Amino acid sequence: MSMSVAAVGQLSRSASRAIAKAANGFHLLRIEGYSETEMVLPGQRISSEDFTVGDYSWRVDCYPNGRDTSTKSNAMSVYLQLTDQAQRVLRARYKFSLLDRAGNAGYELPAETASFTSVSSMYNYQYRSPVVLAAVDEQGPGCGHEGFIGREELERRREDLIRDDRIVLRCDVGVTQIEGSCLATDELSDEEEDEQYDAPEYGEYGGYGGPPRQRRLRRRTDDDEYVKWCLTEEPRRSRGYRQVRHRRFGHPNWY
């Protein structure tokens, strides 16, 4: 009885890379007519325009008289919201502060790290300005401080933190971005490469043209050489390897 032997195919090889990078930024929300915010109901917020940090969209929500609607609060609440259109969960660092007359942090709470879930954007595109909304069910999960600073504490430090009846709230945000690309792909050993030659004059071969192009086989590097190259080299064109154009993307939860 005869037996057929299956041909053993050549192994393919490839390599990719991922680079984690920090992306940081901040947004300033200036509230003018601060003394009038005492009339704002608990649960009502002053929302900033959407801003971008690390290719993600964010929003700052300030509740002058607290986020809790069940009672009158004597403290300001501040929250950071992820308003990215794509529904995602993202881990980020954040820190809130109030700026003094010199633009420095006159009052701040320590930075924290938390996970954010995307909510719909409440940006007022018609008037291009922050908006005040009272709907409790639209608050969004967000992350921040229920009791950021008491009204009495803010009044006590009016000389430093309130100027011309306005306050400036700063929110710092930091995320991690992942940049990825193909480091190398393997070019098979039977791939042929044209030899260089000079085109002959007309009539030398009975018309324009010439003899068939001479071809040669490209040497296929061994696996050890391939691995060593991938361990040490930056992506580039190299004999036996083919680089793919770099592409960039965000990762929903790298931290």
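A cavity is a set of points, on a 1 Å grid over the protein atoms alone, where a 1.4 Å probe fits but cannot get out. Grid points are joined across faces, edges and corners, and a volume is the space filled by probe spheres set on the points. The views below show a predicted model, in which local features need pLDDT of at least 70, side-chain atom pairs count only at pLDDT 80 or more, and totals for chains, interfaces and linings use all residues. Residues are numbered from 1 along each chain as its sequence is written, and side-chain values use heavy atoms, with hydrogens and water left out.

View 1. The structure holds one cavity of 30 Å³ or more, and the volume of the largest cavity is about 30 Å³. Its lining (residues with an atom within 4 Å of a point) consists of Tyr34, Pro64, Asn74, Ala75, Met76, Ile149, Gly150, Arg151 and Leu154. Two or more of these residues come from each of strand S5 (75–82), strand S10 (143–150) and helix H1 (151–156); helices (H or I, at least four residues) and strands (E, at least two) are DSSP runs, numbered from the N terminus. By class, the lining of the largest cavity has six nonpolar, two polar and one charged residue. Ala, Val, Leu, Ile, Met, Phe, Trp, Tyr, Cys and Pro count as nonpolar, Asp, Glu, Lys and Arg as charged, and the others, Gly among them, as polar.

**View 2. The largest pocket and its lining.** A pocket is an open set of points with protein on both sides within 12 Å along at least five of seven lines. The lining of the largest pocket divides into six charged, five nonpolar and one polar residue.

View 3. Serine 118 lies in the loop between strand S8 (112–117) and strand S9 (131–133). Serine 118 counts as buried because its relative accessibility is 7%, buried being under 20% relative accessible area (1.4 Å probe, protein chains only). Leaving out residues up to four places away in sequence, serine 118 touches Leu82, Asp84, Ala86, Gln87 and Arg88, contact being heavy atoms within 4.5 Å. Serine 118 and alanine 86 are 32 residues apart in sequence, yet 7.3 Å apart in space, C-alpha to C-alpha.

View 4. Cysteine 143 is buried, at 12% relative accessible area, and cysteine 171 is buried at 1% relative accessibility. The structure holds zero disulfides (pairs of cysteine sulfur atoms within 2.5 Å).

Notes
Buried < 20%, exposed > 50% of the residue type's maximum accessible area, 1.4 Å probe, protein only.
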